[in-house]
Amino acid sequence: MKYDVIIIGGGVVGCAIARELSRYQLDILLIEKEMDVGLGTSSRNSGVLHSGIHYKPGTIRAETDVKGNAMMAGLCKDLKVKYEYLGKLTVAQNADEVKTLHHLKEQGEANGVPGLEIIDSDKMQKLQPGVTGIKALHSPSTGIISPYGLTIALAENAMTNGVEFSLGTEVTGIQKGQIGFTLTVAPRKTIQTRFIINAAGLFSAKVADMAGAGGYRIYPCRGEYYILDKRLKGALSILVYPVPGHGSSGLGIHLTNTVDGNILIGPSNEYIDEFQDLATTAEVMRKLKKEGFELLPQLSQSDFIRTFSGLRPKQNPPEIGGFKDFVIESRKDVKGFINLVGIESPGLTAAPAIALKVKDLLAELTSLNEKPDFTGERSGFTGHFCELPKEQRADMIARDPDYGEIICRCEQITKKEILDAIHNPLGARILVGIKNRSRAMMGRCQGGFCMPRIVRILEREFGYSPEDYLLKSAESPLFSGWMRG
Ligand SMILES: Cc1cc2nc3c(=O)[nH]c(=O)nc-3n(C[C@H](O)[C@H](O)[C@H](O)COP(=O)(O)OP(=O)(O)OC[C@H]3O[C@@H](n4cnc5c(N)ncnc54)[C@H](O)[C@@H]3O)c2cc1C
């Protein structure tokens with residue numbers, strides 16, 4: 001058998017599982033259909049570390065959310081990922097909503113959420129001046145994190161500990177044998193493994209069907225966002241959410257700080273038919289803008305720099321809505337197949353705890369022996385050079401002049417940081433991969449200044465021809481050929 005374990009899907013969940021299992025003496029392969037990890041739902045969300053007030057006690061969602069939230073500080077320190085426990089206010093506007101706040105507090109306490117308190121409008125004003133409402137539930141353990149930063153860090157650390165990655169490879173078929181499985185991957189190659197872990201997100205029901213472990217259906221539900229300019233950094237000192245409507249499929253439109261200093265407005269909540277439809281729509285954008293102006297009086301038209309959307313893998317159809325519990329199961333009828341279905345919010349927060357659950361399920365199927373040389377910490381400089389103190393920057397430039405050349409003017413990203421992104425263990429070759437690692441192209445001009453410079457760096461490093469430059473996939477080439485010569 002070539003591999004002990006194949007993980008299908010390189011989102012935050014698949015990468016957290018890969019990193020957790022890399023502690024053990026196992027041959028592991030992670031297969032991801034996109035050309036980098038974390039290009040699916042895992043990079044298209046609010047980046048919030050949820051506290052656990054919203055989920056029914058006794059559910060896997062509640063358990064993994066609260067545990068994942070508590071694990072995040074240690075994990076982020078080891079992996080050098082940006083995070084911050086900012087806290088959150090869920091704000092009630094009327095007596096009915098105050099009742100919901102009390103319910104959320106009791107539910108959160110039953111789930112083990114620390115420090116919950118219902119506060120009056122004076123205390124609310126102290127935490128976030130200008131916020132309007134009659135009462136709020138304060139959850140101090142709510143935080144923010146870089147979702148793609150976490151996914152990339154988990155993948156890199158898993159790779160350092162021996163996990164193999166096959167990017168740009170789609171699993172198209174699964175055959176169950178006497179012992180283990182044979183996977184067909186496009187184009188027409190087969191790979192053998194003893195165990196499969198299905199972490200395919202939106203496509204998890206499809207992958208489960210391939211293995212004969214079906215019975216699930218996913219309904220994509222789109223959330224659209226606006227990203228605001230860093231000019232507004234500091235405008236929000238705590239996250240502010242409305243009280244979610246009864247039976248709603250989301251948590252309501254809110255303002256969210258990102259760890260890099262932008263503010264997000266969103267997400268909307270709309271069931272769609274297409275699994276790949278990441279459009280943003282004029283109608284939702286108009287609504288988000290209107291809400292943004294109401295919530296942030298200092299906002300101006302020029303602060304809206306970009307839109308994006310993400311798709312929730314809902315298990316309930318639109319006519320039912322709401323939330324269904326995560327499926328994390330070891331299939332008795334397809335022995336060796338561990339299935340994760342419907343990992344919608346709070347899957348980002350819950351990912352490290354989900355990985356522990358999957359490890360326990362695998363331990364029931366095979367013995368897990370720890371590796372003596374597992375390294376849980378990520379080495380090297382992975383932060384943003386421009387955020388370092390002046391003396392440290394001068395010292396680093398003296399040792400490596402590539403730190404002295406700015407490539408992205410908006411985000412102040414240096415040539416060395418671009419080189420690090422393309423030479424990192426997973427080796428980003430697509431523009432979005434470089435963007436997610438370095439933050440180049442994420443600023444006001446959205447790559448207008450730095451993209452041509454990054455193209456030149458790729459040309460020098462790898463001798464790229466015009467056809468080799470891809471934004472995200474083979475379907476998004478940057479150039480079609482030379483104009484002259
Ligand atoms: C609008 C929105 C807001 C959210 N906000 C939050 C939040 O603030 N906090 C929070 O905790 N959670 C949030 N979530 C939820 C969170 O983003 C997800 O739960 C989490 O990202 C799921 O990760 P995943 O790895 O399961 O899925 P994905 O990131 O989708 O990864 C699955 C991967 O599998 C790959 N794949 C699929 N099929 C195949 C195949 N056949 N072969 C090979 N590869 C395959 C895909 O390409 C994909 O990369 C939000 C989600 C949305 C949509």
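Colleague: Which residues point one way from strand 2, and which the other way?
Modeller: Ile28, Leu30 and Glu32 point one way, Leu29 and Ile31 point the other way, and all are buried. A residue is called buried if 20 or more other C-beta atoms lie within 10 Å of its own, exposed if 12 or fewer, and partly exposed in between, with C-beta atoms placed from the backbone. Helices (H or I, at least four residues) and strands (E, at least two) are DSSP runs, numbered from the N terminus. In a regular strand the side chains alternate between the two faces of the sheet.

Colleague: Before we continue, what kind of model is this, and how are residues numbered?
Modeller: It is a predicted model, in which local features need pLDDT of at least 70 and side-chain atom pairs count only at pLDDT 80 or more, while totals for chains, interfaces and linings use all residues. Residues are numbered from 1 along each chain as its sequence is written.

Colleague: Which strand pairs with strand 2, and in what sense?
Modeller: Strand 1 (residues 3-8) pairs with strand 2 in the parallel sense, over four bridges. Two strands are said to pair if DSSP finds at least two bridges between them. Within this pairing, isoleucine 6 has leucine 29 of strand 2 as its bridge partner.

Colleague: Turning to the ligand, how many residues surround it, and which are the closest?
Modeller: The ligand is surrounded by 41 residues, and the closest are Gly9, Gly11, Gly201, Gly223 and Gly347. A residue is near a molecule or strand if its C-beta atom, placed from the backbone, lies within 6 Å of it. Helix 1 (12-21), strand 2 (28-32), strand 18 (304-314) and helix 8 (347-363) are the elements that give two or more residues to this shell.

Colleague: What is its make-up by class?
Modeller: The shell around the ligand has 17 nonpolar, 17 polar and seven charged residues. Here Ala, Val, Leu, Ile, Met, Phe, Trp, Tyr, Cys and Pro count as nonpolar, Asp, Glu, Lys and Arg as charged, and the others, Gly among them, as polar.

Colleague: What are the bounds of the domains?
Modeller: The assignment gives domain 1 (1-83 + 145-218 + 320-379), domain 2 (84-144 + 219-314) and domain 3 (385-468). Such bounds come from an automatic or database domain assignment. The C-alpha centres of domain 1 and domain 2 are 27 Å apart. Their contact takes 32 residues from domain 1 and 36 residues from domain 2, where two residues are in contact if their C-beta atoms, placed from the backbone, lie within 7 Å.

Colleague: Which elements give two or more residues to the side of domain 1 that touches domain 2?
Modeller: They are strand 3 and helix 2 (60-79). Helix 2 gives the most, with three residues. By class, that side of domain 1 has 12 nonpolar, 16 polar and four charged residues.

Colleague: What about helix 5: how many of its residues are buried?
Modeller: Of its 14 residues, 13 are buried. The expected span of a helix is 1.5 Å times one less than its number of residues. For helix 5 (residues 147-160) that gives 20 Å, which agrees with the 20 Å between its end C-alpha atoms.
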